[in-house]
Amino acid sequence: MTNPSLLILPGDGIGPEVMAEVRKIIDWYGAKRGLVFDVSEDLVGGCAYDKHGTPLHDDTMAKAQEVDAVLLGAVGGPQYDNLDFSVKPERGLLRLRKEMDLFSNLRPAQCFDALADFSSLKKDVVAGLDIMIVRELTSGVYFGEPRGIFKEGNERVGINTQRYTESEIARVARSAFDLAMKRGKKLCSMEKANVMESGILWREVVTEVSKEYPEVELSHMYADAGAMQLTRWPKQFDVIVTDNLFGDLLSDLAAMLTGSLGMLPSASLGAPMANGRPKALYEPVHGSAPDIAGQGKANPIACILSFAMALRYSFDQGDEAARLEAAIEKVLADGLRTADLMGPEGGTPVSTSGMGDAIIAALDASL
Ligand code: NAD
């Protein structure tokens with residue numbers, strides 16, 4: 001049997017620093033758990049532009065289409081701000097998402113007990129929180145036609161169109177049900193079926209797809225009520241599926257329930273490949289943080305948690321993903337803190353690599 005394959009694209013700024021810690025974890029799984037990955041590494045973003053004059057070389061794009069999963073650090077930096085739009089670092093990331101047709105964006109909101117004080121909500125509301133927002137990423141109001149600013153009589157009118165086909169709704173719904181099957185078997189679908197026809201269709205199609213997943217308990221909620229419930233008592237949810245616009249808002253809201261940007265992973269999934277695995281790109285939510293790049297200050301946990309998501313959702317290694325998350329929980333409970341996690345209660349300051357080494361030690365202790 002061939003080893004699962006991973007393409008690593010560290011990118012710019014703190015990307016290579018946090019990815020170096022992920023490489024240690026990948027090596028640990030190979031050495032200690034017999035989980036060996038075929039890892040290749042390439043350029044994306046500003047560093048790719050510096051070398052090739054494009055933020056994503058065609059060869060890199062082709063590799064991304066072939067591997068079982070892509071793991072990306074971050075792209076961008078002030079030195080690229082004045083480049084032409086077509087070669088800006090972000091275009092590399094957008095090309096990956098578009099050509100891999102990654103329509104299902106997974107944004108977990110997970111609160112480690114040791115960091116519950118970082119939330120703006122009361123500790124008991126967020127401690128132990130572990131929910132997943134699935135946002136449709138390639139259609140809806142951000143893409144629908146007609147769009148533009150037009151002249152109507154004496155004034156201008158701005159138009160965007162919310163448009164969803166049945167198949168677009170069904171595929172993201174299936175992706176959310178598949179996730180729910182790997183988690184708590186509870187799915188809440190959010191739309192505005194009370195005022196939007198696209199919401200009515202969304203609700204109907206999600207309900208039809210639910211027949212393929214009799215074990216998953218499905219509920220529906222209007223997205224505005226969903227926002228209220230997410231801040232009132234987020235632990236009532238397991239997986240939430242919603243459209244591009246509502247997902248944009250709700251996933252940011254949910255992510256911030258848990259505190260620091262340095263802790264937030266994400267995944268974007270596409271259609272299943274021949275081997276049954278979905279096309280997949282895993283990346284931290286944060287950017288390249290040029291203000292702290294090269295100083296050993298970056299928190300590598302968001303990137304490491306992105307790898308944990310890859311273990312769970314691309315490689316069916318849910319137990320190993322849980323082992324890695326538990327190792328992170330342990331290190332945080334022991335008081336180790338990168339600069340971004342240093343709250344009023346203090347802690348033991350660690351560098352980027354110090355945090356990675358501590359997580360490896362906790363993994364060793366888990367055996
Ligand atoms: P950013 O996420 O890079 O940084 C925002 C703030 O959070 C900064 O103060 C930074 O130091 C801090 N921060 C971010 N990640 C951290 C980590 N892992 N550990 C500790 N602190 C962390 O957002 P920005 O400053 O708005 O953007 C900087 C560059 O990154 C820009 O070029 C932007 O275009 C790019 N960007 C890229 C992505 C991506 O690659 N997906 C996402 C957002 C921004």
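**Close-ups of salt bridges and cysteines**

**View 1. Glu-212 and Arg-174 pair up through their side chains.** Here the two side chains meet in a salt bridge, 2.8 Å from N to O. The term stands for a side-chain nitrogen of Lys or Arg within 4 Å of a carboxyl oxygen of Asp or Glu. This pair links distant parts of the chain, 38 residues apart: Glu-212 sits in the loop between α7 (197-210) and β9 (217-222), and Arg-174 in helix α6. Glu-212 counts as partly exposed at 44% relative accessibility, and Arg-174 is also partly exposed, at 33%. (Buried means under 20% relative accessible area, exposed over 50%, and partly exposed in between, with a 1.4 Å probe and protein chains only.)

Keep in mind that this is a predicted model, where local features need pLDDT of at least 70, side-chain atom pairs count only at pLDDT 80 or more, and totals for chains, interfaces and linings use all residues. Residues are numbered from 1 along each chain as its sequence is written, and side-chain values use heavy atoms, with hydrogens and water left out.

**View 2. Asp-101 reaches Arg-171 in helix α6 (residues 166-182).** Their side chains form a salt bridge, 3.3 Å from N to O. Asp-101 belongs to the loop between α4 (89-99) and β4 (104-110), and the two partners are 70 residues apart. Helices (H or I, at least four residues) and strands (E, at least two) are DSSP runs, numbered from the N terminus. Asp-101 is partly exposed, at 34% relative accessible area, and Arg-171 is partly exposed too, at 27%.

**View 3. Asp-42 and Lys-63 form a salt bridge.** The closest N and O atoms are 2.8 Å apart. Asp-42 lies in the loop between β2 (38-41) and α2 (46-52) and Lys-63 in helix α3 (residues 58-66), so the pair ties together parts 21 residues apart in sequence. Asp-42 is buried at 15% relative accessibility, whereas Lys-63 is partly exposed at 30%.

**View 4. Glu-21, Lys-24 and Asp-357 make up a salt-bridge network.**

View 5. A disulfide here is a pair of cysteine sulfur atoms within 2.5 Å, and the structure holds zero of them. Cys-303 itself is buried, with a relative accessible area of 0%.
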